[in-house]
Amino acid sequence: MNPFEPKIIALVCNWCTYTAADLAGTSRMSYPANIRIVRLMCSGMIDSKYVLKAFLDGADGVFIGGCHPGDCHYIDGNLKAVKRMDGIGSILTRFGFEPERLRLRWIGASEGPEFQHNMTEFVETIKGLGPSPIADRMIL
Amino acid sequence: MTVFKAFPEAVTPTQALRSMLEAMLSKHLVDAVLVPARSPYGKLPMPMLITDPAGLADIDPLAPVAPFNSARQTATVTRHASGRRLGLFLRPCEISAWRELIKLHQCVHEDTLLISMDCQGRMENDTYLKLAEAQDDPTTAFYRDVYLRDETTVSCRMCERFQPQGADLTLCLLGTASELPVLAVETDAGKRLADDLGLVDCDPPAERASAVSDLRKERQAFRAARFSAITEKIKNMEGFQQLIATCLNCYNCRTACPVCYCRECVFLTDVFAHPPETLLQRASKKGSIKLPADTTMFHMTRLAHMAHACVGCGQCSSVCPSHIPVAEIFQAVAADVQKLFDYQPGRRLDEPIPYLAYGKENP
């Protein structure tokens, strides 16, 4: 049997975490191929729907990356993200998802190694948890 | 500081309210009142905007029924300050929902006077209509027979917020004799109104506190039992899917929800109007896809958007053609989210909506 390779969606902000991903790439740092990055203009534009959609379509984990507080290109988008992710985390937990499957981290534009570290660590966490409880189930 | 006022003569609570609203209109203390009343065509009281005191003949604000939570209708007449003074009669859950809409800048509270009551719940429409068949005065019958409370909706029987938050005047219906209604005056505006109406001070109804506490205990016990049952059912997605398996995506629950705040719902936009290619591609991923699609997405999105503001009115369950316990699911999830943010919808107007108050910096 093949070892479990999680599918992870990373929703990252254009200005910081995506730039950090770019930096990691141009610096030839590698991170697991389980991560599918979606670039968004700001972590503050991440509606709870995006996270739900990822999980309901079978993602094993969702990573949200934004700018450090104070560094947001749009002033306070990242602070909106914190509250929203707290709320959606609480809801997902009610329905039997492990809260560790949703992770929010601040990774600045210059933090390529941080990006690599976070991705590697998150993949390990999800591998430890195993497949999403609804991975192959039909969802109405 | 709450003061209590008595009505000049022994009357039923409905008569007392009617004479009070009459006096408010004829003395020009308000320009209009919004109050549930029966139309000439049916037995269900509906919110009626009344300017002529003669129009108060058929009001029935205390009827144990509410075809919808009228917060949204209240928001239409309070969308902006019109310069007219409005007297609003609302149930506690309607006040809370309306105050959430105020925080969302969809309406204003200026120039309004809020009148409410110790709410003992509402029945489903058909239960109420049966009572109305059997009784000439179903409203008075309801408050005389405490066992009729068991006929109210599950959400009402789970409700611990049956006393209004933020009303100027509250009609005391707990622990008072039904022929001697007492008005609790909670605000300065309420006090001015009571003075203008010439209501006289009286002692606090002696048994109200214990009646309130008894009802709260009863509600808490019922709530705890329903919570543990629903928690067991939704403890995983499998159970949740079983509960919503009969959902038709009619979106009645969304329409009935007083705090579902978007002017245009994303589920009615092109975002969820999938072209055939998308549906076929989604079907091919797991071999099949149920249509209409996105049922789970719909319910969970609503939870994510509204759980912090759920006032527990139960209208989502009442309008569900498939008898899905939407309100119980919502209230169980809402309890978590409201506890997480230490937020209670409608508690205070200056308490910001948690998603709009930034302070927390780290995940």
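Two residues are in contact if their C-beta atoms, placed from the backbone, lie within 7 Å. Keep that in mind as you look through these views of a predicted model.

**Figure 1. Where chain A meets chain B.** In this predicted model, 28 residues of chain A are in contact with 31 residues of chain B. On the side of chain A that touches chain B, the elements giving two or more residues are α2 (48-56), α3 (77-94) and β4 (102-106) of chain A. Look for α3(A) in this view: with twelve residues, α3(A) supplies the largest share of that side. Sorted by class, the residues on this side of chain A are 15 nonpolar, four polar and nine charged.

**Figure 2. A helix of chain A crosses a helix of chain B.** Two packed helices are described by the angle between their axes and the distance between the axes. Here the axes of α2(A) and helix α12 (residues 295-306) of chain B come within 10 Å, crossing at roughly 145°. The crossing of α2(A) with α12(B) is right-handed. From α2(A), the residues making the contact are A:S48, A:K49, A:L52, A:K53 and A:L56, and they meet B:T296, B:M297, B:M300, B:T301, B:A304 and B:H305 of α12(B). This contact of α2(A) with α12(B) has five nonpolar, four polar and two charged residues.

**Figure 3. Chain B as a whole.** Take a step back and you will find 14 helices and eight strands in chain B. The radius of gyration of chain B is 22 Å, close to the 21 Å that the globule rule gives for 363 residues, so chain B is as compact as a globular protein of that length. Taken along the principal axes, the C-alpha atoms of chain B fill a box of roughly 75 × 45 × 45 Å. Of the 363 residues in chain B, 42% are buried.

**Figure 4. Helix α3 of chain B and its surroundings.** Helix α3 (residues 92-103) of chain B has twelve residues and reaches 17 Å from its first C-alpha to its last, close to the 16 Å expected at 1.5 Å a residue. Eleven of those twelve residues are buried, so α3(B) is largely enclosed by the rest of the structure. Among the buried residues are B:C93, B:I95, B:W98 and B:L101. Which elements do the buried residues of α3(B) pack against? Their partners are α2 (71-77) and β5 (112-117) of chain B. After α3(B) comes B:H105, with a positive phi near 60°.

Definitions and conventions. Residues numbered from 1 in each chain as written. Chains lettered and ligands numbered in written order. Predicted model: local features only at pLDDT ≥ 70, side-chain atom pairs only at ≥ 80, totals over all residues. Helix = DSSP H or I, 4+ residues; strand = E, 2+ residues; numbered from the N terminus. Expected span 1.5 Å × (residues − 1). Buried ≥ 20, exposed ≤ 12 C-beta atoms within 10 Å, placed from the backbone. Nonpolar A, V, L, I, M, F, W, Y, C, P; charged D, E, K, R; others polar. Rg over C-alpha atoms; globule rule 2.2 N^0.38 Å. Axes fitted to C-alpha atoms, helices over the stretch in contact; angles between N-to-C directions. Left-handed = near helix turned anticlockwise from the far one by under 90°.
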